[in-house]
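My notes follow in the order I made them.

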Amino acid sequence: MPATPPLRVPDAFALSYGANGPQARAWLTGLPRLGEEFLDRWDLRPDGPPTHGMASLVLPVLRADGTPAVLKFQQPREETAGVAAGLRAWNGDGAVRLLDHDEDSGTQLLERLDASRTLASLTDSRAALQTLAELMARLTAVPAPQGLRQLADIAAAMLDEVPRAVRALHDSTEQHLLHSWASAVAELAGEAGDRLLHWDLHDGNVLAGERRPWLAIDPEPLAGDPAFELWPALDARLDEAIASADPERAVLRGFDHLTAVLALDRRRAAGWTVGRILQNTLWEIQDGATALDPAQLVIARAVQRRAR
């Protein structure tokens, strides 16, 4: 009877990630072999069952000296191509520490954090926002290493998509809004920045650690303006803002706090924040949407008040 592989892909992950197409399913099929390869190559022992997010599988392991760590497996793609370079540049200052990395497969050996305690578990939303702001300031203080995706290129690609997306919207007022967001991005695209950005820094991507109380995980690094980082933090607890007596005012409190801690120009920050909403909207339209997300309009209206 064949031995059970040390890395068994959970059925839920196989089902959800496998829906991304044949390349994703082929990658899933190869994961048990990949697990065996890197356990052997890096002299690791499994130390618990694997866990997963939307696009990665994480196996707790022990190093040869008994130090706990995790093996992270993620299908190589454009958004994650700069992960190792970004983590090395941060060198554990505000982000999880990279212990080893295989360029070809994208496999990472990372320090082990407390996966059961995300920043989202903090009931005090102001304390959570302060932690995000401090991490954001620390991470974006680092110059982006060579070879990363450039925000300038991402902005140009977004602007190219806008005419087609506008035609997909049914409401003329929403078409005008999309044009206004594109105009805000066009004004900023010529000076898109050169800092190292996480791109997806929200309270679900921050875990408790031992050497630091909170550390960022799962970056999709790019080079750009720190103001492009704000939207995930504003969106993370948007339900709370919408449930308040004045949703736009609640969003603005968060926006003003983030821009103060990061010492950002609020007009630029507003422009890049609606740029993030534009980016998300373009993706939604590609998936068949014909109207804007009402929740995202709350953020857009709020921050654009700061741009006037």
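I began with β7, β10 and β11, which form an open three-stranded sheet in the order β7-β10-β11, with antiparallel pairing. I put β7 (114-118) and β11 (214-216) down as the edge strands, since each pairs on one side only. From one strand to the next, the twist averages 50°. This is a predicted model, so I read all of it as such.

Next I looked at how β7 is joined to β10. Two bridges link β7 with β10 (residues 206-208), and the pair runs antiparallel. I looked up Thr-118 and found its bridge partner in β10 to be Leu-207.

Which helix lies across β10 and β11? I found helix α4 there (residues 125-140), running at about 55° to β11.

I then went to the other open sheet of three strands. Its order is β8-β12-β9, and the pairing is mixed. Three bridges hold β9 and β12 (residues 222-224) in antiparallel pairing. Opposite Leu-196 I found Ala-223 of β12.

Strands β5 (residues 98-101) and β6 (residues 108-111) pair antiparallel over three bridges. I checked Leu-98, and its bridge partner in β6 is Leu-110. Six residues sit between the two strands of this hairpin, and Gly-106 in the turn shows a positive phi of about 80°.

Most residues other than glycine have a negative phi, so I noted the exceptions I came across.

Trp-199 is one of them: it is not a glycine, yet its phi is positive at about 85°. I located Trp-199 in the loop between β9 and β10. Is Trp-199 buried or exposed? I have it as buried, because its relative accessible area is 12% and the cut-off for buried is under 20%.

Ala-263 is another non-glycine with a positive phi, here about 55°. I traced Ala-263 to the loop between α9 (247-261) and α10 (266-286). Ala-263 counts as exposed because its relative accessible area is 68%, and exposed means over 50%.

Key. Residues are numbered from 1 along each chain as its sequence is written. This is a predicted model: local features need pLDDT of at least 70, side-chain atom pairs count only at pLDDT 80 or more; totals for chains, interfaces and linings use all residues. Side-chain values use heavy atoms; hydrogens and water are left out. Two strands pair if DSSP finds at least two bridges between them. Helices (H or I, at least four residues) and strands (E, at least two) are DSSP runs, numbered from the N terminus. Axes are lines fitted to C-alpha atoms, for helices over the stretch in contact, and angles run from 0 to 180 degrees between N-to-C directions. Contact means heavy atoms within 4.5 Å. Buried means under 20% relative accessible area, exposed over 50%, partly exposed in between (1.4 Å probe, protein chains only).
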